Amino acid sequence: MKIGAQYSHLNGLEWLMVHHPDYWDEIQDSIATVDAAATKTKVSNEKTMRGKLLYSPGALNAAFKQQLSLRGWGSPSRRSYFVTDDADLMALTMGKSPDEQKAIILDAGKEPIPTSNEADFAKGRVSVEVQFGKYSFVQFDLFVKHAADYMQNRIDLGIEIVPMKSMEKEMSSGPPFYEKHLHEILRQGRIFPPVPLLLIGIEP
């Protein structure tokens, strides 16, 4: 596969090239090594594409996991935390450990609801999400996962890898595509989301 386009938000790529040019080499090598043709294994049942072979999100994810893992990109620990229905109370739990969050909520007579976030891949202070699922998942990655990890001082850069529109056309309906999410970032304004990002669009 190859990179069709890329966008550096808040100097994300520039930061990577200064601090970890080897990471950038590894990501490019991983993309180049994935055999797109080998992941075209899904037989469509959709009316407009019935019987057509499409790119399989599962096969693509597995291929990227193999390549990134070979280069030392691992899955980080799951970020567990507790939430509740009281905004003022939840504000008190920000920045606390899960045990402290649970205790604060219980002491207020509320129910602590466990939840968690987990990045696909991480190395050093760089987080990578490879997204071939529903397009809404990219919004969650950008505005929740990457942003939260950055604001909690866990990462310095978030990377999002998605298909280009030319590739998305050969997938089931619903996956993300680069051009759409580039627009989503740009329409928010220059400094939002408040985290350095590198959006990468890939194609066969």
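Trainee: Why is α1 called roughly perpendicular to α2?

Mentor: Helix α1 (12–19) packs against helix α2 (residues 21–33) at an angle of about 115°, with the axes 5 Å apart. Roughly perpendicular covers angles of 65 to 115 degrees, with under 35 being roughly parallel, over 145 roughly antiparallel and the rest oblique; therefore α1 is roughly perpendicular to α2. Axes are lines fitted to C-alpha atoms, for helices over the stretch in contact, and angles run from 0 to 180 degrees between N-to-C directions. This is a predicted model, in which local features need pLDDT of at least 70 and side-chain atom pairs count only at pLDDT 80 or more, while totals for chains, interfaces and linings use all residues. Residues are numbered from 1 along each chain as its sequence is written, and side-chain values use heavy atoms, with hydrogens and water left out.

Trainee: What makes the contact of α1 with α2?

Mentor: Leu13, Leu16, Met17, Val18 and His19 of α1 meet Pro21, Tyr23 and Trp24 of α2, where contact means heavy atoms within 4.5 Å. By class, these residues divide into 7 nonpolar, 1 polar and no charged.

Trainee: What makes α6 oblique to α8?

Mentor: The axes of α6 (residues 136–151) and α8 (residues 178–188) come within 11 Å and cross at roughly 40°. That angle makes α6 oblique to α8. The contact is formed by Val138, Gln139, Leu142 and Phe143 of α6 with His181, Glu184, Ile185 and Gln188 of α8. In this contact there are 4 nonpolar, 3 polar and 1 charged residues.

Trainee: How do you know which residues belong to the largest pocket?

Mentor: A pocket is an open set of points on a 1 Å grid, where a 1.4 Å probe fits, with protein on both sides within 12 Å along at least five of seven lines, and lining residues have an atom within 4 Å of a point. The largest pocket holds about 480 Å³ of space. Its lining has 25 residues, and the closest to its centre are Tyr81, Met94, Gln101, Gln152 and Arg154. Elements that give two or more residues to this lining include β4 (79–83), α5 (98–107) and α6.

Technical notes: Helix = DSSP H or I, 4+ residues; strand = E, 2+ residues; numbered from the N terminus. Nonpolar A, V, L, I, M, F, W, Y, C, P; charged D, E, K, R; others polar. Points joined across faces, edges and corners; volume = space filled by probe spheres on them.
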